[in-house]
Amino acid sequence: MGRERWRRLGSALWRVAAVWAVSTLTMLVLAGILPDFKLQADSGDSATRIAMTAALGAGAFGLLSVLVWPLLVRALLLVPALVLGLLAFFLNGSLFLLALSLIPEGRGEAGAETAVVVAAVMSAVASATGGALAVRDDDAYRRRLYRLADRRRRRGPDGSPGPTTPGTVFIQLDGVGHDVLTSAVDRDVMPTVARWLGRGPTGTASHRLTPWRTDWSSQTGASQLGILHGSNHDVPAFRWYEKDTGEVMVSNRPASAAELQRRAVERTGDGGLLTVDGASRGNLFSGGAEQLALVLSIAARRGRENRSRAGYFAYFSDPANAVRTALSFVAEVFREIGESTGARLKRRRPRVGRGGLYPFIRAFATVVERDVVVAAVIGDMLAGRSAVYADLVAYDEVAHHSGPAGKDVDKVLRRLDRSLALLDQVADHAPRAYRIVVLSDHGQSPGETFRARYGLTLGDLVRAGCGLPVPRKAQRTHSGAEARSAVRAALRRPVEEAADQHRPARGAEPVVLASGNLGLVSFPDVPHRLTREEIDLRHPALLATLANHPGIGFLLVRSAERGPLVLGARGAEVHLDEDPADLGPLADFGPGAADTVRRTDGFPHVADIMVNSWYDPEEGEVLAFEEQIGSHGGLGGAQARPFLLSPLVLGDPVPDGTEPVGAEQVHRVLRRWLGEDLGPQIPVAVPANDSLFEPPADTAFAAPDHVAQDKTR
């Protein structure tokens, strides 16, 4: 124990000395550049004396920054953000002038304007140097958390400690399926999760692991909307065509996310899971939270009420955070280039293109968004918020291009596990007890793309079945992922895609859309959903062409005579309204397949033809209609089997021990868990003017001071 204490002391002294030396060197450089800044007497000094003066000045400025600056910031918390931002430069310059006045014999001198510049540069350099040295130092990070816990502790009106009831943190590991998680635990890739499940040295479990089944649309838009808002009614896929408006809805398009959230709130009459002292971080939807950061459904709003990027601003306003994340971002870009190059050289199959901007999008998802979201959750916990829901999209983005299993995704899972360990550590120093629930919104199923196996896209096959000309060269199908829209929203790039992609012409040609291994075919020139009989009359060969193709698992259409109808190869038919004993082509897709397909058939905006790809139950493989070798969005394999990892102190997800089915049931489970500690979550009535959906004025979070997670290992 004594040796460890001395090691920590030596590490801290080394960082202080290094920052002091760099600050001294910075001051010497600035003194040589700026005409109004000098570090010597008028008669001149030796180089040694000038260096000593710079060291004294740097040391005095550093001490004043540590001791005085926090008091000034606390005193100015009520100043508007813009005024405070400008005032901070002048206050920092004043501290620097005070530091120069402490140098013996008045050898330090600078003009007021120059002092502001020097102070800003030295603060940035010192913060960046300290941050770079502490990137991998868990002890330094832990000490910051102790200070933050005291600084952020929420207290009552009489000065007593904050809430005594436990809070709940929900961390969504986007795309991590139940089987992927258990495999990672078995292989010691995720030691924190293993410890929670009783695989650690003590052998005592604190959490239980429960799989659950998604709806037919196994993707974040449907799952997270159901989890946060209690309804994913009329979300048939990741993207779909709505005949009444003539628009294509896309779950990760901000305008579509806002509309989906509005519909869910209107349907349930409830603001969402997080309406009581909640925070929503990095999600597609707000969940009714008052505290919002990086929430896509508010990114479509223009003007002052749009705070979707506030989290990035709050995080990167700290130079130490910026340098840590920048270094890790660059490392991740080169890591992806190296991994994709290795995959090409080894001729690994299946494989999709990973060039262009993808290395930067991957780095954004695995480094930038993760760091910002985790920092936001840390701030929420230290502020004592009652309920926090955050989405970490790193695994999902990498698995789409590298596959759901392998060394590439193992590295991502290890870093996600460290994020969980960090939050577990923060919980020990928060002003209230916290229960950490980890869950996923869907899994991913492996397999090559439909285009790679057959040389044509689903759109080409539909055109052939309709007797329309087919391009000689199959075009790539647009692939959507949460990280891409998050990048555009973060950079304030146009978040709406080309108008013709979202408002197709109302011609006779079909609109064919892909959502993983789920395809949707709509005929925009007909205002209602076409029946099987109408489709056969218009295009006699279409349904047979699709159903008999080896890459297609089954179709869903509606018959005017028999109701919802599932079609398979060689004339197989399943009449869903008749509760069939023989599931035909649905048999391989697992329990509940008929029920979830029947539910989707009842959606107002279900496509004329719903197409689910082929599925190999032995290998768990599907064929994605998008350019992804790890996909989700339909039925088949691990994509439809995510997980719930919950503390044992909370009740069983389902009392009878069965698996929760559908995102709406998961919402009810999470709401019940919140009610176990906080009392019932009172539904919020929807005002006639929909003011419930207006985002609050202040949606930014307070970023922890000079804090970021360890992320370079």
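**Salt bridges and a surface patch**

Author: Let's start with one pair in this predicted model: Arg263 and Glu242 form a salt bridge, with 2.9 Å between the closest N and O atoms. The pair links distant parts of the chain, with Arg263 in helix α10 (residues 254-268) and Glu242 in strand β5 (residues 239-242), 21 residues apart.

Reader: Nice. Is Glu242 buried or exposed?

Author: Glu242 counts as buried, because its relative accessibility is 1% and buried means under 20%.

Reader: How many salt bridges turn up in the whole structure?

Author: A search of the whole structure gives 37 salt bridges.

Reader: Okay, what about Asp179, which residue does it form a salt bridge with?

Author: That would be Arg641, and the closest N and O atoms of the two are 3.4 Å apart. This pair also links distant parts of the chain: Asp179 belongs to helix α7 (residues 178-186), while Arg641 is in the loop between β20 (630-631) and β21 (643-647), 462 residues apart.

Reader: Let's move to helix α12. How are Glu332 and Arg335 placed in it?

Author: Glu332 and Arg335 are three residues apart in helix α12 (residues 319-345), so about one helical turn separates them. They form a salt bridge whose closest N and O atoms are 2.2 Å apart.

Reader: How does Glu332 count, buried or exposed? And Arg335?

Author: Glu332 counts as buried, at 1% relative accessibility. Arg335 counts as partly exposed, at 24%.

Reader: Which residues are joined with them into one network?

Author: Salt bridges with shared partners join Glu332 and Arg335 with Glu336, Glu339, Arg354, Arg362, Asp408, Lys411 and Arg415 into one network.

Reader: Changing topic now. Which residues form a nonpolar patch on the surface?

Author: Trp6, Leu9 and Leu13 form one, and together they have about 370 Å² of accessible area.

Reader: Where does Trp6 lie?

Author: Trp6 is in helix α1, which covers residues 2-33.

Reader: And why does Trp6 count as exposed?

Author: Trp6 has a relative accessibility of 64%, and exposed means over 50%, so the label follows from the cut-off.

Definitions and conventions: Residues are numbered from 1 along each chain as its sequence is written. This is a predicted model: local features need pLDDT of at least 70, side-chain atom pairs count only at pLDDT 80 or more; totals for chains, interfaces and linings use all residues. Side-chain values use heavy atoms; hydrogens and water are left out. Patches are made of residues with over 30% relative accessible area and no salt bridge: like charges are joined within 9 Å, nonpolar side chains (Val, Leu, Ile, Met, Phe, Trp, Tyr) within 5 Å. Accessible areas come from the Shrake-Rupley method with a 1.4 Å probe; for residues, only the protein chains shown count as cover. A salt bridge is a side-chain nitrogen of Lys or Arg within 4 Å of a carboxyl oxygen of Asp or Glu. Helices (H or I, at least four residues) and strands (E, at least two) are DSSP runs, numbered from the N terminus. Buried means under 20% relative accessible area, exposed over 50%, partly exposed in between (1.4 Å probe, protein chains only).
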